[in-house]
Amino acid sequence: MARHQAAVLGKPIAHSLSPLLHNAGYRALGLTQWEYTRIECDEHELPQVVASADASFRGFSVTMPGKFAALAVATDRTDRAQLIGSANTLVRSGDGWRADNTDCDGVTGAIRTLFDAPSPQLGTAVIIGAGGTAVTAARSWPISLPPLASRLISCPMMTLYPPPAQPRT
């Protein structure tokens, strides 16, 4: 049995390739004591899954519908997770869990790669979609996209629920 575990949490989750990708990375790095799995849970089940995780669990990747619940169960939150209002990453920290949201890095990285420039000037950014990453992209615009886009247009059918947290001052 692995001495260190991590898992992706979400529902549905059987389709996730995260275990394949992470376990391949562990093997490539010689991390033979690490194992990455998937645990199916919705936003109502997530708090109990995280609370009951034994000490071998070092972290969780969180997909929808659990991103808002992940932020709520955390004992420590990064500023950007707080601003965005959700978390896709929980890392064991002392006696609790530290929440972060790295989706904004993925969004800006994809834009930079697509336009083959470290800081492309796009003018207007349009977000199409209503999933967890679309919500993150809309909410993280003030911290991640202003250098790339001067204006944000989001899909009118998108509901930003729950309301985003106010930035810390």
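Let's start at Ser56, which touches Arg3, His4 and Gln5 once we leave out residues up to four places away in sequence. Ser56 sits in the loop between helix H2 (46–51) and strand S3 (57–62). Is Ser56 buried or exposed? Its relative accessible area is 13%, and the cut-off for buried is under 20%, so Ser56 counts as buried. Please keep in mind, everyone, that this is a predicted model.

Now let's step along into strand S3, where we find Gly59. Gly59 has a relative accessibility of 10%, so this glycine is buried. Which residue lies 53 places from Gly59 in sequence, yet 4.9 Å away in space, C-alpha to C-alpha? That is Ala6. Ala6 also turns up among the contacts of Gly59, together with Gln5, Ala7, Leu90, Val91 and Trp97, again not counting residues up to four places away in sequence. Notice that Gln5 is touched by Ser56 and by Gly59.

Next, the aromatic residues, and I hope you enjoy these. The structure holds 3 aromatic pairs. One of them joins Tyr26 and Trp34, with 5.6 Å centre to centre and 50° between the planes, and the pair is tilted. Tyr26 is buried at a relative accessible area of 12%, whereas Trp34 is partly exposed at 28%. Then we have Phe57 and Phe60. Why is this pair stacked? The ring planes are at 20°, and stacked means under 30 degrees, so Phe57 and Phe60 qualify, with their centres 5.4 Å apart. Both partners are buried: Phe57 has a relative accessible area of 10%, and Phe60 has a relative accessibility of 2%. Phe57 and Phe60 also belong to one aromatic cluster with Trp97.

Let me take you over to Thr78. This residue is placed in the loop between strand S4 (76–77) and helix H4 (79–84). Thr78 has a relative accessibility of 11%, so it counts as buried. What does the side chain of Thr78 reach at 3.1 Å? It reaches the backbone nitrogen of Ala81. Not counting residues up to four places away in sequence, Thr78 touches Arg98, Ala99, Asp100 and Asn101.

On to the pockets. The largest pocket has a volume of about 170 Å³. How many residues line the largest pocket? There are 13, and Val8, Val62, Thr63, Lys67 and Asp103 are the ones nearest its centre. By type, the lining of the largest pocket divides into 4 nonpolar, 7 polar and 2 charged residues.

Finally, let's zoom out to the whole chain. The secondary structure comes to 6 helices and 8 strands. Reading from the N terminus, the elements run β-α-β-α-β-α-β-α-β-β-α-β-α-β. Of the 169 residues in the protein chain, 40% are buried; Ser56, Gly59 and Thr78 are among the buried ones. And what share of the contacts between residues at least 6 apart in sequence joins residues at least 24 apart? That share is 62%.

How values were computed
Residues are numbered from 1 along each chain as its sequence is written. This is a predicted model: local features need pLDDT of at least 70, side-chain atom pairs count only at pLDDT 80 or more; totals for chains, interfaces and linings use all residues. Side-chain values use heavy atoms; hydrogens and water are left out. On a 1 Å grid over the protein atoms alone, a cavity is a set of points where a 1.4 Å probe fits but cannot get out, and a pocket is an open set with protein on both sides within 12 Å along at least five of seven lines; lining residues have an atom within 4 Å of a point. Grid points are joined across faces, edges and corners, and a volume is the space filled by probe spheres set on the points. Ala, Val, Leu, Ile, Met, Phe, Trp, Tyr, Cys and Pro count as nonpolar, Asp, Glu, Lys and Arg as charged, and the others, Gly among them, as polar. Helices (H or I, at least four residues) and strands (E, at least two) are DSSP runs, numbered from the N terminus. Buried means under 20% relative accessible area, exposed over 50%, partly exposed in between (1.4 Å probe, protein chains only). A polar contact is a pair of N or O atoms within 3.5 Å; within protein, one must be able to donate a hydrogen and the other to accept it, and residues adjacent in sequence count only if both atoms are side-chain atoms. Contact means heavy atoms within 4.5 Å. Rings of Phe, Tyr and Trp (its six-membered ring) pair if their centres lie within 6.5 Å; planes under 30 degrees apart count as stacked, over 60 as edge-to-face and the rest as tilted.
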